[in-house]
Amino acid sequence: MGTLRWKKVYVEAIPVPSASSAKRQSIGQLVDRMISAKTMASDASTDITVDEAEIDRRVCELYGLSQLEIDRLLG
C-alpha cells in the first residue's frame with residue numbers, strides 16, 4: 001500500500017482560477033450556510049445537497065466551463 005505524498009512540484013501544477021471578491025464571498029456564504037445547517041441540526045442526516053450542488057456549479061464556472069460541460073460533469 002502506498003501513501004499520498006504532496007510534492008511541491010505537483011501541487012504547484014494544479015490550476016487554481018482566480019475569483020473576484022464577490023464570487024469568493026458568495027461561495028463562502030454557501031459554505032457557511034452548510035456548516036450552520038449541519039452544526040445546528042439535531043439530526044446528522046440534514047440534507048445539504050442543494051447547497052453542495054450550487055457550490056459545485058459556481059466552481060465549474062470559475063474554471064470557465066460551459067453550461068453543457070457543467071451539466072455533463074455534474075449530471
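C60 lies in helix α3, which spans residues 49-62; helices here are DSSP runs of H or I with at least four residues, strands are runs of E with at least two, and both are numbered from the N terminus. The model is a predicted one, in which local features need pLDDT of at least 70 and side-chain atom pairs count only at pLDDT 80 or more, while totals for chains, interfaces and linings use all residues. Residues are numbered from 1 along each chain as its sequence is written, and side-chain values use heavy atoms, with hydrogens and water left out.

With a relative accessibility of 7%, C60 counts as buried, a label for residues under 20% relative accessible area, whereas exposed means over 50% and partly exposed lies in between (1.4 Å probe, protein chains only). Setting aside neighbours within four places in sequence, C60 is in contact with L65, I70, L73 and L74, where contact means heavy atoms within 4.5 Å.

The axes of α3 and helix α4 (residues 67-74) come within 10 Å and cross at roughly 135 degrees; axes are lines fitted to C-alpha atoms, for helices over the stretch in contact, and angles run from 0 to 180 degrees between N-to-C directions. The two helices, α3 and α4, are therefore oblique to each other. On this scale, angles under 35 degrees count as roughly parallel, over 145 as roughly antiparallel, 65 to 115 as roughly perpendicular and the rest as oblique. The contact is built from D56, R57, C60 and E61 of α3 together with I70, L73 and L74 of α4. Sorted by class, the contact of α3 with α4 holds four nonpolar, no polar and three charged residues; Ala, Val, Leu, Ile, Met, Phe, Trp, Tyr, Cys and Pro count as nonpolar, Asp, Glu, Lys and Arg as charged, and the others, Gly among them, as polar.

How do α2 and α3 lie relative to each other? Their axes come within 10 Å and cross at roughly 160 degrees, and α2 and α3 are therefore roughly antiparallel. K23, S26, I27, L30, V31, R33 and M34 of α2 meet D51, E52, E54, I55, R58, V59 and L62 of α3 in this contact. By class, the contact of α2 with α3 has seven nonpolar, one polar and six charged residues.

S26 belongs to helix α2 and is partly exposed, with a relative accessible area of 23%. Between S26 and C60, 34 residues apart along the chain, the C-alpha atoms are separated by 14 Å.

Which residues make up the largest nonpolar core? The five are I27, L30, M34, I48 and I55; a nonpolar core is a set of buried Ala, Val, Leu, Ile, Met, Phe, Trp, Tyr and Cys residues joined through side-chain atoms within 4.5 Å. Helix α2 (residues 21-40) supplies the largest share of this core, three residues. In soluble globular proteins, nonpolar side chains tend to be buried together. Not counting residues up to four places away in sequence, I48 touches M34, A37 and K38.

At the other end of the accessibility scale, K8 is exposed, with a relative accessible area of 62%. K8 sits in helix α1 (residues 8-11).
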